[in-house]
Amino acid sequence: MEKINGSQAIIRCLQEEGVKIIFGFPGGAIIDLFDALMDSDITNVLVRHEQGAVHAADGLARVTGEVGVALLTSGPGATNGVTAIATAYCDSIPMVILTGQVPTALIGNDAFQEVDIVGITRPCTKHNYLVKDAKDLVPTLREAFHIARTGRPGPVLVDLPKDVVAKMIDFPEKKPIRMQTYQPNYEPHQGQIEKACKKILKAKNPVLYVGGGVILSNAHEELTELARKLNIPVTMTLMGLGGFPGTDPLSMGMLGMHGSYAANMAVANSDLLIAVGARFDDRVTGRLDAFAPHATIIHIDIDPTSISKNVKVDIPIVADCKQALSAMNTWFNTSSDFNREQVSASHEPWRATIDDWAKKHPMTYIDEGEIIKPQFVIQKLDELTHGDAIITTEVGQNQMWAAQFYKFNKPRQWATSGGLGTMGYGLPAAIGAKMAFPDKTVVDVAGDGSIQMNIQELATAKQYNCPVKVVILNNNYLGMVRQWQELFYNKRYAGTVMEVTPDFVMLAQAYGAVGLRATKTSEVEDVLKEALATDNTVIMDFVIAREECVFPMVPAGKATTEMLLV
Amino acid sequence: MKHTISVLLQNKPGVLSRVTGLFSGRGFNIESLSVAETLDSSISCLTLVTRGDEAIIEQITKQLHKLIDVIKVTDIGDSEYVEREMVLIRVKAEAQTRAEVLRVIDIFRGKVVDVSPKSYAVEVTGSTSKVQAIIDILKPIGIQEIVRTGTIAMARASKK
Ligand SMILES: Cc1ncc(C[n+]2csc(CCOP(=O)(O)OP(=O)(O)O)c2C)c(N)n1
Ligand SMILES: [Mg+2]
């Protein structure tokens, strides 16, 4: 066998796994890997902050479905990545994070730039490794990719001491990975599928409640088939958007805290809830005992810990969403108990009730003439990009308006930090997405607060000729927190007023990007059009109605039927 | 409800902290924990005693199982099992109490493993309740120090 050094072996592993782009930031402990990367065909994107590297890799992973890779140095490089690793962990995003570490002889000695990153990231990675022996490098890397992308995906961190990656090693042949202790179950139990299908046939008011698992397992087609075949209305979580076409008449939009009136009412009145790749998060369920109180619950999820964690499930199906839905479709297609016309017709009254709810309280806002409404900006963005752009977001009101008013028809065109709600996610994630799909329009919907958390990545976008567009919905507030203060804290705006905000137009220009501003509704369309037509990174500063709130809203801890409406 | 859970895991650095981190991070409690190698030195057996309703115990076992380094999780309480704990007790033993202490030790089938002019060190093995019982009885006489191993447990072999 031919001998190569550890860094070269790692690069070869990355190539074996199909990695084309990685995001990194160097330092003493990881120079060897950067050095080896120079001789490879992998694009090494130099970010401006390690959080940006990991978010960018995460953005790439969400839009491509492939494993995102980030490369960080030891100590502060690694700790800077932690927020972004936790972000990926909460949303089950497949990633491999490689961190440099001090030489093995110094580990535990409080050496320069030494932190126990394996210890620090244990609760926010799917798994992690410290490689102490060079002969373990290749097997560990292969295992890391395997763990990251299989089962319920997630980030895996591999800590690489400097001396280990410098050693000469044999590059072992690739064999199928079999881990005694890790064998996720993909195939559904046929008995459970049958039980679920029979239950579905008996339901009068069924609802499909769809989460990010449908996106992760590429199950959108099977889901769409099932919903249409049985005429079952669908609602999506924040993470599930795009899992079912947003413009389909069966779509009720998002549910939960800022979900649609129709979706929340439908769940509350359903007699059967079919949860697919969703985890009954508190932002979805509101007060638990009032969540789907009359419903039998079917839950499909690949992670057994998700099942009956918050809500007791009647028919659990531990399996890959795609396989389970496909098995259900097959059951209906072949069962003599199933008569499509009859079942469809039997759900018409339920659909009519839901349509009434949707008509009574549609997703809407009050027009205020020339005062720019953020919802209008998103609607225009949807219109001008034909609902086909990749949208990333920051966190807060901007994120919720994007979720409510952009009509996602396809999976993997939406990247948002759902579980952790990390401000600063959107811009680097947009860069990751745009690097993966240079021909697609990629837009970060941002708030004036969040955008400042990773604004430095504008330089990365510029350096790699990666023309992402940033829509800042500028209310000059930490708006979502201000909204809570308005509604529940007597309008005491403690710590939410940003008295100093940069001039985003000038800031864009300082980075060599383009800055545009709209202060009136009549300017919105022109600014969007110009930005979309510009072959450069553009920041659009939309000065919006300052105290606009996101509605509907289910106050924390309330039943989802207790919505505050426009 | 008290549950005794047996976990087989890879005998590798950091694995124990994955288990304890899971318990602290998710607010599960650990009443006792004991861990050592199995016959196969690459595998450890960890016995832990915890409390919780059915839903919590279900989460605990599933979450343990989800850890990549965990091989097998058994809620031992689901079957017939034997459990043992050992305690070392240093109890005051002066002229007027020595005989009484020895009598108690004898009743509990304990052993004196260290003697000094003013104390005995006693070893007792048994179920947690037996261990607790001797502690309670010796307390009024004067316990200076105790060390308990925590429970270890094993399912009974099937009788068939
Ligand atoms: C890193 C981080 N810190 C704090 C928060 C809490 N938080 C949630 S929304 C929000 C306000 C965000 O303000 P902005 O980006 O201007 O968005 P807006 O709500 O005004 O649209 C804050 C502070 C968070 N989600 N993430
Ligand atoms: Mg704001």
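In the side chain of A:Asn475, an N or O atom sits 3.0 Å from an oxygen atom of ligand 1. Bear in mind as you look that this is a predicted model. The backbone takes part too: a polar backbone atom of A:Gln397 is 2.8 Å from an oxygen atom of ligand 1, and a nitrogen atom of the ligand has a backbone N or O atom of A:Met423 at 3.4 Å. On its own, ligand 1 would expose 580 Å², and the protein buries 77% of that.

Now widen the view to the shell. There are 17 residues around ligand 1, and those coming nearest are A:Gln397, A:Gly421, A:Gly449, A:Ser450 and A:Gly479. H17(A) is itself mostly covered, as 9 of its 9 residues are buried; among them are A:Gln397, A:Trp401 and A:Phe405.

A:Asn475 also leads us to the metal. Which residues coordinate the magnesium ion (ligand 2)? The donors are A:Asp448 through OD, A:Asn475 through OD1 and A:Tyr477 through its O atom, at 2.1 to 2.2 Å. Along the sequence, their spacing reads D-x26-N-x1-Y. The site links distant parts of the chain: A:Asp448 lies in the loop between strand S17 (442–447) and helix H19 (458–463), while A:Tyr477, 29 residues apart from it, lies in the loop between strand S18 (469–474) and helix H20 (479–488). Are these two residues buried or exposed? A:Asp448 has a relative accessible area of 1%, so it is buried, and A:Tyr477 counts as buried because its relative accessibility is 6%.

A:Lys491 is not a glycine, yet its phi is positive, about 55°. You will find A:Lys491 in the loop between H20 and helix H21 (504–510) of chain A, exposed with a relative accessible area of 53%. B:Arg109 belongs to the loop between helix H3 (98–107) and strand S6 (111–116), and is exposed at 74% relative accessible area. Finally, back in chain A, the peptide bond joining A:Phe551 and A:Pro552 is cis, with omega about -5°; A:Pro552 is in the segment after strand S20 (538–543).

Notes:
Residues are numbered from 1 along each chain as its sequence is written. Chains are lettered from A and ligands numbered from 1 in the order in which they are written. This is a predicted model: local features need pLDDT of at least 70, side-chain atom pairs count only at pLDDT 80 or more; totals for chains, interfaces and linings use all residues. Side-chain values use heavy atoms; hydrogens and water are left out. Donors are N, O and S atoms within 2.8 Å of the metal (3.2 Å for Na, K and Ca); water is not among the atoms, so sites may look incomplete. Helices (H or I, at least four residues) and strands (E, at least two) are DSSP runs, numbered from the N terminus. Buried means under 20% relative accessible area, exposed over 50%, partly exposed in between (1.4 Å probe, protein chains only). A residue is near a molecule or strand if one of its heavy atoms lies within 4 Å of it. A polar contact is a pair of N or O atoms within 3.5 Å; within protein, one must be able to donate a hydrogen and the other to accept it, and residues adjacent in sequence count only if both atoms are side-chain atoms. Accessible areas come from the Shrake-Rupley method with a 1.4 Å probe; for residues, only the protein chains shown count as cover.
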